[in-house]
Amino acid sequence: MTAAARVLERLVERGETLAVAESLTGGLVAAELTSVPGASRSFRGSVTAYATVLKGEVLGVDRTLLAEHGAVDPEVARQMAAGVRRALGADWGLSTTGVAGPEPQDGQPVGTVYVAVAGPSGIEKVSALRLNGPRADIRRESVRSVLDLLADELGENARAQDTEQIGGN
C-alpha cells in the first residue's frame, strides 16, 4: 500500500479531511493522493500556489514574511499548511515549498525544501529537507516527505510497522 493510500485510509477511519498547498511540487502531492481510488472520501482539494504572491493572496501567508524571507522558509511552509486547511475547510493541511532547481531561489540553494502539516488541536509541524539530485528527484522526495510527515501525525507509520512485524512472524 502506498503512503498516500495509508494516510487516506487513516483519515477515513478518523472521519477527517485533508487539503494540500503546493509550490515546488506543482500538484504532485494532489496527484499522488487522487491516484488512490476513493480519495474523495477524505481529500478535499489543493491549491498550487507556485507564484509567491499567491501564497499571500490565496493562502494568507504573511506578506511581510514573504517580502523579507521569500517563499523558501519554514514559517512560510507552516502558514501555507494552516492557510489551505482554513481556505478549504479541512481537518488537516499539508504544504510544500522549496527550490527544485536548476537555480537557487530567495538566497536558498537547490534542494532546500520545507514541508509542513497543520491539524486539529493546534498541531503544526515543519520539516526542513536538504535534498540532492535532479529536479524530478527533489520534487518526488518532497512528496514522499510531506506524506510521511502527515503519517507520523496520524500515528500511521508506527501502526504500519507493527502490522509488518506481526505479519512477518
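Predicted model: local features only at pLDDT ≥ 70, side-chain atom pairs only at ≥ 80, totals over all residues.
Two packed helices are described by the angle between their axes and the distance between the axes. In the model, helix α1 (residues 3-14) and helix α6 (residues 135-154) have axes that come within 10 Å and cross at roughly 35°. This crossing of α1 and α6 is left-handed. On the α1 side the contact is formed by Ala3, Ala4, Val7, Arg10, Leu11 and Arg14, and on the α6 side by Leu147, Asp148, Leu150, Ala151 and Leu154. Eight of the residues in the contact of α1 with α6 are nonpolar and three are charged, while no polar residue takes part.

Gln79 lies in helix α5 (residues 74-88). Gln79 counts as buried because its relative accessible area is 15%, under the limit of 20%. The side chain of Gln79 reaches the backbone nitrogen of Asp62 at a distance of 2.7 Å. Apart from its neighbours within four places in sequence, Gln79 is in contact with Leu59, Gly60, Val61, Asp62 and Leu65.

Most residues other than glycine have a negative phi, and most peptide bonds are trans. The peptide bond from Gly101 to Pro102 is cis, with omega near 20°. Asp106 is also found in the loop between β3 and β4, and its phi is positive, near 50°. With a relative accessibility of 39%, Asp106 is partly exposed. A positive phi, near 60°, is likewise found for Ser121, which is placed in the loop between β4 and β5 (124-130). Ser121 is exposed, its relative accessible area being 79%.

Notes
Residues numbered from 1 in each chain as written. Heavy atoms only, no water. Axes fitted to C-alpha atoms, helices over the stretch in contact; angles between N-to-C directions. Helix = DSSP H or I, 4+ residues; strand = E, 2+ residues; numbered from the N terminus. Left-handed = near helix turned anticlockwise from the far one by under 90°. Contact = heavy atoms within 4.5 Å. Nonpolar A, V, L, I, M, F, W, Y, C, P; charged D, E, K, R; others polar. Buried < 20%, exposed > 50% of the residue type's maximum accessible area, 1.4 Å probe, protein only. Polar contact = N/O pair within 3.5 Å; in protein donor to acceptor, adjacent residues only side chain to side chain.
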